[in-house]
Amino acid sequence: MVLMVVLLGILCCLSLAIPTKKYFLDMTYEKKLRKANLVCFTRRNVSAADRLQKDLGKYWMMAYTSSPQFVIGRSDPGSASGAFCLVNLLILAESIVRTRVMPWSFRFCSGDSDYKWSTTMVLLCQTAAVVVGTVSPAFRWFMTINFRCPTKASLASGREFAVERYWIKRMRFWQVQPLYLRISNRRGRRLIQSAKFRVFSWLIGMQKGLVFSCKMIRYVSILFVSGFLRLRRFLIGDNGVESDAANRNRDVNMDLSRYVIYLEGEEVLVDLMMENNCDATAHWIKIGVKRQPRNLIHLLEHSNCFSSFKGVDDFDSEKVPSLCSGEPPNCWALPIVTLTSIAVAIPNIDKQLKEQLIRSVDEGLKYVKEIENYLEKVKELKHVMKAAEVVWSGVELSNKWLDVDLSKLAHDQKDKTGTGIIKFLAEISKEKFMEFANEDTYLNECLMELPSRWPMRVLAANSMYRICETLLLRNQNETSERLFEKISHMICDILLAALSNLQHVISRKCHESRIEEREKSIRSAILLFGKTKKILEVIDKKRPQHSDHGKLIHIDEWHLVSKKMDPLGSMSSSTDEETAASSPSDLCLSVE
């Protein structure tokens, strides 16, 4: 019972300091974050993969050392609570053993119980509950003591028992804060204020005494455990001398100590926290590398040796007339899905090549979706992204695009060439667009005003129509093999352009503002980096220097930037389209 009351007091002690600790941690984090941002993600003399790996180590160090779990775990009341839980378990174990070994010591409870066999069941359940509840606090106690045992921590012995300000700062504020009471008697208000001041002085004294007691328990625990650790080092032959490799590793990671976030009284633990967590980033990166998308990497590596991202500009042409007065915005996923659907429909292509393309695109779309969730216009692109998901579900699972069986398309057509299949897809997509558009007169009004809110099938049909017509403008009388190769390169270019946003997505994940979500967000960023490290290396080798826009960018913005940076190229491509084929006049439609 006494131990339960003590644990309740420790819990109250911790809770009173949490708001002040959180304020100090947030303030320190913002300060160190600004320092890290001066160098992070701005260096251009190294590759994106190397730059990100170094910067992620800094962000992880800041997030982990300021996480609430680690801060409470390394605090004095946190380690003391673990010690008391362990003592409670030892007392229970001692009493159980004594009932078996020395039954005569329990004469006060001799006789048969009315509950009979159920008492044994209750004892077993309570014992299991105590053991399970003690594992985590006892482990935290041992790790905290083991963490503070090295010689560096012993240098703080002079200030070992000083009570830091953040333990009592909030109570000091409550002590001096006036009470707004509706009492007209000035003497009565003075007495109440004086009584409040005395009560809080007593509570502050209790808080100091409790923190001081926790420090004493921690100090005694360190003395007790350090003896066992010295014996263990002696038995295994560890003389405590660091190897040259360890010294070199320390020199490499020494700059991470500037990004360790600590509270008052923890200055001496900075190097220890840095040394114990400097390898955590490499650990999570290795886990991510084991889950990397191998099919996607194979597709990107075996594309053109030097990619100018020409496919991002070539998949849609301004020379193709609209099926309606307005055009919906594009997302990265929809053109990739549409082009893959066209590639699957092309006849006389090895089935394994098509399956390999589908697997590669499926892996790439997972990262494209994560990128698009971080775009500023994600709400505007919501319907377009959903349309891409719906279409891809049919293509990936059953080789169908909006109920059109792509694998059997060539058998039902007279013109079995790749160009003939694309013409048929253009015609059927236009028919489906008109079919969906004519279903409801109210829909026609929406089509005129809000293209981004078109139904998903209408968006998919519009994308298929425009891309097919663009391919027909630029690829006349091509063989099926050559057409499949061009479409595959176009898909690869769009994937490379979309995945070039990965470094900015990782950066955004590292800037989570809420202290509770910080560690989890940065861990997911490190895992994402591990999965896509090879992709970032491929992009660094293939992309031109002007293709890094310095921010997250969606596909329509890429078009605008490309036109501004290469106006002559866009003019020449437009001339080529005009000479290749003229657009039929009957394609210009409007829904009235």
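The model is a predicted one, in which local features need pLDDT of at least 70 and side-chain atom pairs count only at pLDDT 80 or more, while totals for chains, interfaces and linings use all residues. Residues are numbered from 1 along each chain as its sequence is written, and side-chain values use heavy atoms, with hydrogens and water left out.

The protein chain contains 24 helices and 2 strands; helices (H or I, at least four residues) and strands (E, at least two) are DSSP runs, numbered from the N terminus. Of its 592 residues, 43% are buried, where buried means under 20% relative accessible area, exposed over 50%, and partly exposed in between (1.4 Å probe, protein chains only). Contacts (heavy atoms within 4.5 Å) reach across the sequence: among those with a separation of 6 or more, 83% join residues 24 or more positions apart.

The largest nonpolar core has 123 residues, and Leu-300, Trp-332, Leu-339, Ile-342, Leu-425, Ile-487 and Leu-499 have the most contacts inside it. Helix α20 (residues 480–499) gives the largest share of this core, 12 residues. A second, separate core of 10 residues includes Met-61, Leu-256, Val-270 and Met-273. Such a core is a set of buried Ala, Val, Leu, Ile, Met, Phe, Trp, Tyr and Cys residues joined through side-chain atoms within 4.5 Å.

Helix α14 (residues 333–345) has 13 residues and should span 18 Å at 1.5 Å a residue, which agrees with the 19 Å between its end C-alpha atoms; the expected span is 1.5 Å times one less than the number of residues. In α14, 13 of 13 residues are buried. Beyond four places in sequence, Leu-339 touches Phe-315, Ile-467, Leu-471, Ile-487, Met-490, Ile-491 and Ile-494. In the loop between α14 and α15 sits Asn-348, which has a positive phi of about 60° although it is not a glycine. Asn-348 is exposed, at 62% relative accessibility.

Glu-372 belongs to helix α15 (residues 351–372). Glu-372 is buried yet has no salt bridge, and the nearest side chain of opposite charge, Lys-369, is 8.8 Å away. Here Lys and Arg count as positive and Asp and Glu as negative, with His and the chain ends not counted; a salt bridge is a side-chain nitrogen of Lys or Arg within 4 Å of a carboxyl oxygen of Asp or Glu. The Glu-372 side chain does reach the backbone nitrogen of Trp-332, at 2.5 Å.

The structure holds 17 salt bridges. Lys-22 and Asp-26 form one of them (3.3 Å, N to O); both lie in helix α1 (residues 2–37), 4 residues apart, about one turn of the helix. Glu-264 and Arg-165 are also paired (3.4 Å, N to O), linking distant parts of the chain 99 residues apart. A further bridge joins Asp-403 and Arg-457 (3.8 Å, N to O). Asp-403 lies in the loop between β1 and β2 and Arg-457 in helix α19 (residues 456–474), so this pair ties together parts 54 residues apart in sequence. Asp-403 is exposed, with a relative accessible area of 62%, whereas Arg-457 is partly exposed, at 37%. Finally, salt bridges that share partners join Asp-76, Glu-164, Lys-215 and Arg-218 into one network.

Technical notes
Polar contact = N/O pair within 3.5 Å; in protein donor to acceptor, adjacent residues only side chain to side chain.
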